[in-house]
Amino acid sequence: MTTQTMWGWEPAIYLFLGGLAGGTFFISALVRLATKDRFQRLSVVAPWVSFAALAVGLFCLVIEVEKPLQAMMMWRSFVNFSSWMTIGAWLLFASIAVFFLSAFFSTPRLVKALKVKEGVAAKVSQVTMVLGAVLGLGVAAYTGVLLMAAGSVPLWNTPLIPVLFTVSALDAGAVVVLACLLGEKAEGADAMYRKVSLASVALIVGEALVLTALLMSHLSGSVSQAIAASTLVSGDLSLQFWLIVVIVGLAIPLVLDLLTMTKIVKNKDARRVAHIAVIVLVLVGGLALPYVILAAGIHAVSVSPDVTQAIQGVYALVL
């Protein structure tokens, strides 16, 4: 069984960037609310990263649509609110608008250039920060819900897919926040960096557990589910899955995080290199995850009950 080829890198990039945007805004909003916007770099950079990532992601999504101009006329194309596609389209539209407003009113230079009163700008920034956090979490989850809604694809048709994509998005957002905090001079920056690093470790472990549960449930499920999961574990996508998603995106960052958090690595320069490596590797793994999940999205196959029983028997024997 070969991998699906209908969707390539463009939808995978959208899923990654959409999750990155939502995860970054949500995690950064939590930090900003907890510290009362003490870290200026985070307050300015994180909302702009969220806005830019979602904008580029939506562009990648639109160019995959057969009629992109028609799709952009949302008031005509997305009116069936019983459809996840319609709900998601309006969620993304609201999110990109709120992300932009938050980024704009959190940037002192822009506020000053347009002569907006500081009190007004601060209130708008606070409101859009809270609203954007809710929308950001929704965007992070929706990237997985979009796939789960495709009922004819066994690998995707499970609530574990939205959970997996949400956790991955939050982890990507956490490392963007870490990048903003890296080298921050404001009081409490080091302590907050450690807290976000700890959250990143928890998210990496959580992502690994959800991914394991997804594969185990599919390998012991129907033949179609087992075939799709096997594509990742030992089939055409196994190299990308194990090397990039598992080793590069999860295992190495986890080890580096633990080495720096336990202060086994004491040299300041070495610790900084380790911090940067974690940020880069998590993002690389985060991009590879939606690609391999998309590529393994094989449609259900018709197989006799005898073959189903045989495959499940082999699986039980191996375990």
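Residues are numbered from 1 along each chain as its sequence is written, and side-chain values rest on heavy atoms, with hydrogens and water left out. Because the model is predicted, local features need a pLDDT of at least 70 and side-chain atom pairs count only at pLDDT 80 or more, whereas totals for chains, interfaces and linings use all residues.

The protein chain contains 13 helices and 0 strands, where helices (H or I, at least four residues) and strands (E, at least two) are DSSP runs numbered from the N terminus. Of its 319 residues, 47% count as buried; here buried means under 20% relative accessible area, exposed means over 50%, and partly exposed lies in between, with a 1.4 Å probe and protein chains only. The protein chain exposes about 15700 Å², of which carbon and sulfur atoms supply 70%, the accessible areas coming from the Shrake-Rupley method with a 1.4 Å probe and, for residues, with only the protein chains shown counting as cover. Among contacts (heavy atoms within 4.5 Å) with a separation of 6 or more, 78% are accounted for by residues 24 or more positions apart.

Helix 1 covers residues 9–35, and its 27 residues reach 38 Å from the first C-alpha to the last, close to the 39 Å expected at 1.5 Å a residue, the expected span being 1.5 Å times one less than the number of residues. Since 21 of these 27 residues are buried, helix 1 is largely enclosed by the rest of the structure. The helix is followed by K36, which has a positive phi, near 55°. Within helix 1 lies L15, which counts as buried at 5% relative accessibility. Leaving out residues up to four places away in sequence, L15 touches T143, L147, F165, P290 and L294; the C-alpha atoms of L15 and V139, 124 residues apart along the chain, are separated by 9.7 Å.

A nonpolar core is taken as a set of buried Ala, Val, Leu, Ile, Met, Phe, Trp, Tyr and Cys residues joined through side-chain atoms within 4.5 Å. The largest such core has 77 residues, and L232 and I293 are those with the most contacts inside it. Helix 8, residues 160–181, gives the most to this core, contributing 13 residues. When neighbours within four places in sequence are set aside, I293 is in contact with L147, L155, W156, I161, L164, F165, L214 and L232.

Rings of Phe, Tyr and Trp (its six-membered ring) are paired if their centres lie within 6.5 Å, with planes under 30 degrees apart counted as stacked, over 60 as edge-to-face and the rest as tilted. By this rule there are 8 aromatic pairs. One of them, F25 with F99, is stacked, at 4.5 Å centre to centre and 10° between the planes, and the pair links distant parts of the chain, with F25 in helix 1 and F99 in helix 5 (residues 84–105), 74 residues apart. F25 is buried, with a relative accessible area of 1%, and F99 likewise counts as buried, at 0%. The rings of W48 and F51 have their centres 6.1 Å apart and their planes at 80°, so this pair is edge-to-face. Both residues lie in helix 2 (residues 40–62), 3 residues apart, or about one turn of the helix. W48 is partly exposed at 26% relative accessibility, as is F51 at 23%. Together with F100, F104 and F105, W48 and F51 form one aromatic cluster.
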